[in-house]
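Reader: I am new to this and would like to learn how to read a structure. Could you walk me through one, feature by feature?

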Amino acid sequence: MKKMRWMCAAAGLALLLGGCAKGADSPAKESAQTQEQQAVQEEQEKQSEQKEEPSGESVTLRFAWWGGDDRHTATLKAIEEYQKLNPHVKIEAEYQGYDGYNDKILTQLAGGTQPDIMQTIATAAAEYQAAFPESFVKLDKQDTFTLDVFDQGFLDSFCRAHDGSIVAVPSGVSSYNLVVNKTVTDAAGVELPDNMTWGGVYH
């Protein structure tokens, strides 16, 4: 905004100097020209103020996560797309493998150097918030954040802190899977139903 005002003021000054270079005008004419130029400058400033919004301010956010190459690639792509939609936001990516990740985050939290956005395992959000209650935003208290797009049961089970506030949202859901070598089971004469309970696996 300040830069825009200085640009407008410079433009007005250039017009005044250009008028003086052409010759001496009458005081009344010079006064009229000055008033007109001031009116133009004020209108330009007014339009600039209307266009300028808080969302246009430059913002830099640090985003930390762990994972393999596929997750890194997908997350970096998501960041790229987000920045296209929000060009005033710059996201600095900090990613690594899982080994040592939680220790690193805890060290950063203790030193007040934690990233602005961080990936955690489901049980860590409440633990982090309990140890460092002032470091996390209570998302359910923000009027600019919508939680109704997430499963309420998941939020209640994994995203609430000890004080009941929601401090995290799911970025994905994973599960343990049992993989069976069908060549071996076929050779052994074991029939595999489409749906199987743990009791059926045991027997």
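This is a predicted model: local features need pLDDT of at least 70, side-chain atom pairs count only at pLDDT 80 or more; totals for chains, interfaces and linings use all residues.

Reader: Let us start with strand pairing: how many bridges join strand 1 to strand 3?

Author: Two strands pair if DSSP finds at least two bridges between them. Here strand 1 and strand 3 run parallel and are joined by 2 bridges. Residues are numbered from 1 along each chain as its sequence is written, and side-chain values use heavy atoms, with hydrogens and water left out.

Reader: Thanks! In what sense do strand 1 and strand 2 pair?

Author: Strand 1 (59–66) and strand 2 (89–96) pair in the parallel sense, over 8 bridges. You can follow the pairing residue by residue: T60 stands opposite K90 in strand 2, F63 opposite A93, and A64 opposite E94.

Reader: In what order do the strands form the sheet?

Author: The 3 strands form an open sheet in the order 2-1-3, with parallel pairing. Strand 2 and strand 3 are the edge strands, each pairing on one side only.

Reader: How are helices and strands defined, and how many does the protein have?

Author: Both are DSSP runs, numbered from the N terminus: helices are H or I with at least four residues, strands are E with at least two. By that rule the protein has 8 helices and 3 strands. Along the sequence they follow the pattern α-α-β-α-β-α-β-α-α-α-α. Within that pattern, strand 1, helix 3 and strand 2 make a right-handed β-α-β unit. Right-handed means that, with the strands pointing away from the viewer, the path from the first strand over the helix to the second runs clockwise.

Reader: Now for single residues. Is W66 buried or exposed?

Author: Buried means under 20% relative accessible area, exposed over 50%, and partly exposed in between, using a 1.4 Å probe and protein chains only. W66, in strand 1, has a relative accessible area of 13%, so W66 is buried. Across the whole protein, 20% of the 203 residues count as buried.

Reader: Which residues does W66 touch?

Author: Contact means heavy atoms within 4.5 Å. Not counting residues up to four places away in sequence, W66 touches R71, H72, Q96, G97, Y98, Y101, Q119, T120 and I121. Take Q96: it is 30 residues from W66 along the chain, yet their C-alpha atoms are separated by 4.9 Å.

Reader: Where does Q114 lie?

Author: Q114 lies in the loop between helix 4 (101–111) and strand 3 (117–118). Its relative accessibility is 19%, so Q114 counts as buried. Leaving aside neighbours within four places in sequence, Q114 is in contact with R62, Q108, L109 and S135.

Reader: Which residues of helix 5 are buried, and what do they pack against?

Author: In helix 5 (residues 124–131), the buried residues are A124, A125, A126, Y128 and Q129. They pack against helix 4, strand 3 and helix 6 (152–158).

Reader: Last topic: how much space lies in the largest pocket?

Author: The idea is that rolling a probe the size of a water molecule over the atoms shows where empty space is left. A pocket, on a 1 Å grid over the protein atoms alone, is an open set of points where a 1.4 Å probe fits, with protein on both sides within 12 Å along at least five of seven lines; lining residues have an atom within 4 Å of a point. The volume is the space filled by probe spheres set on the points, which are joined across faces, edges and corners. For the largest pocket this comes to about 2,000 Å³. Of the 43 residues lining the largest pocket, F63, I117, M118, V169 and S171 are the closest to its centre.
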